[in-house]
Amino acid sequence: MVSAVNRVLKSKEKLQFNELNTTILHLLGDMEGGTKGFFLKNIHLMTPVARAIIRKNPLYLSFFANTISLTRIQNEGLSHNSIPNEVGALLDCRLWPGIKTEDFINKIKRQLKNKNITVEVVLETPDALPTKPDVFLYGSIEKSIHSVYS
């Protein structure tokens, strides 16, 4: 099970670029400055380099791809020196809006490469809409970010 889950965690989700996240990259590039900022602001010119920067930073990656995090491994064993008959792993998966849960689960099953491992959804929330920039709180957060990066 450990090697199967590791395959899922090591898989690279496809990066998705849209108007919202490229705008975010542009703003981050303004705040970052220098060469890294230039790359972030001009994603269309340096796609391979920008993709590498995005993949190395979990915060950036969450704007461009589904994310999967291992949050718990559990077993039924009562004793620390016995091998349990069953073991479970909890994965926190954050899906992009529009991604069908069933399609995502099927992809995970293929990556696990083990028909003895079952996959089930423990909790699913509805798609969240992006926050509109005209919300009062958004302006306060933006000012705080600028005060840190300026």
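Hi everyone. I'd like to start with Arg 94 and Asp 92, whose side chains meet in a salt bridge, with N and O 3.0 Å apart. Please keep in mind that this is a predicted model. Arg 94 counts as exposed because its relative accessibility is 54%, above the 50% cut-off. Asp 92 is partly exposed, with a relative accessible area of 27%.

Next up is Glu 13 with Lys 107. Their side chains meet in a salt bridge, at 2.6 Å from N to O. Where do these two residues lie? Glu 13 is in the loop between helix 1 and helix 2, while Lys 107 is in helix 6, which runs over residues 101-112, so this pair ties together parts that are 94 residues apart in sequence. Is Glu 13 buried or exposed? At 7% relative accessibility, Glu 13 counts as buried. Lys 107, at 23%, counts as partly exposed.

The remaining bridge I want to show you is between Lys 41 and Asp 30, where the closest N and O atoms are 3.2 Å apart. Lys 41 sits in helix 3, residues 34-41, and Asp 30 in helix 2, so the parts tied together here are eleven residues apart in sequence. Lys 41 is partly exposed, with a relative accessible area of 30%. Asp 30 also counts as partly exposed, at 45% relative accessibility.

Since Asp 30 has brought us to helix 2, let's stay there for a moment. Helix 2 has 14 residues, and at 1.5 Å a residue it should span 20 Å. In the model, the end C-alpha atoms of helix 2 are 20 Å apart, which agrees. Which residues of helix 2 are buried? They are Asn 21, Leu 25, Leu 28, Gly 29 and Met 31.

Let me pick out one of them, Met 31. Met 31 is buried, with a relative accessible area of 18%, and the reason is that the cut-off for buried is under 20%. If you want a sense of distance across the model, look from Met 31 to Leu 137: they are 106 residues apart along the chain, and their C-alpha atoms are separated by 20 Å.

Helix 4 is worth a look too. This helix covers residues 47-56, and its buried residues are Ala 50, Ile 53 and Ile 54. Seen down the axis of helix 4, those buried residues fall within an arc of 100 degrees, so they line one face of the helix. What does the face turned away from the buried side carry? That face of helix 4 has the exposed residues Pro 48 and Lys 56.

Now for some rings. The count comes to two aromatic pairs. One of them is Phe 17 with Phe 64: the ring centres are 5.2 Å apart and the planes are at 50 degrees, so the pair is tilted. This pair links distant parts of the chain, 47 residues apart. Phe 17 is in the loop between helix 1 (2-10) and helix 2 (19-32), and Phe 64 is in the loop between helix 5 (58-62) and strand 1 (67-75). As for cover, Phe 64 counts as buried at 1% relative accessibility, whereas Phe 17 is partly exposed, with a relative accessible area of 29%.

Leu 9, Leu 70, Ile 73 and Val 87 make a nonpolar surface patch of about 310 Å². Among these, Val 87 lies in strand 2, residues 87-94. Val 87 is partly exposed, with a relative accessible area of 43%.

I'll finish with a detail of the backbone. Most residues other than glycine have a negative phi. Against that background, what is the phi of Lys 113 near? It is near 55 degrees, a positive value in a residue other than glycine. Lys 113 lies in the loop between helix 6 and helix 7 (136-149). Lys 113 is exposed, with a relative accessible area of 66%.

Methods: Residues are numbered from 1 along each chain as its sequence is written. This is a predicted model: local features need pLDDT of at least 70, side-chain atom pairs count only at pLDDT 80 or more; totals for chains, interfaces and linings use all residues. Side-chain values use heavy atoms; hydrogens and water are left out. Patches are made of residues with over 30% relative accessible area and no salt bridge: like charges are joined within 9 Å, nonpolar side chains (Val, Leu, Ile, Met, Phe, Trp, Tyr) within 5 Å. Accessible areas come from the Shrake-Rupley method with a 1.4 Å probe; for residues, only the protein chains shown count as cover. A salt bridge is a side-chain nitrogen of Lys or Arg within 4 Å of a carboxyl oxygen of Asp or Glu. Helices (H or I, at least four residues) and strands (E, at least two) are DSSP runs, numbered from the N terminus. Buried means under 20% relative accessible area, exposed over 50%, partly exposed in between (1.4 Å probe, protein chains only). Rings of Phe, Tyr and Trp (its six-membered ring) pair if their centres lie within 6.5 Å; planes under 30 degrees apart count as stacked, over 60 as edge-to-face and the rest as tilted. The expected span of a helix is 1.5 Å times one less than its number of residues. The arc is that of the directions from the helix axis to the C-beta atoms.
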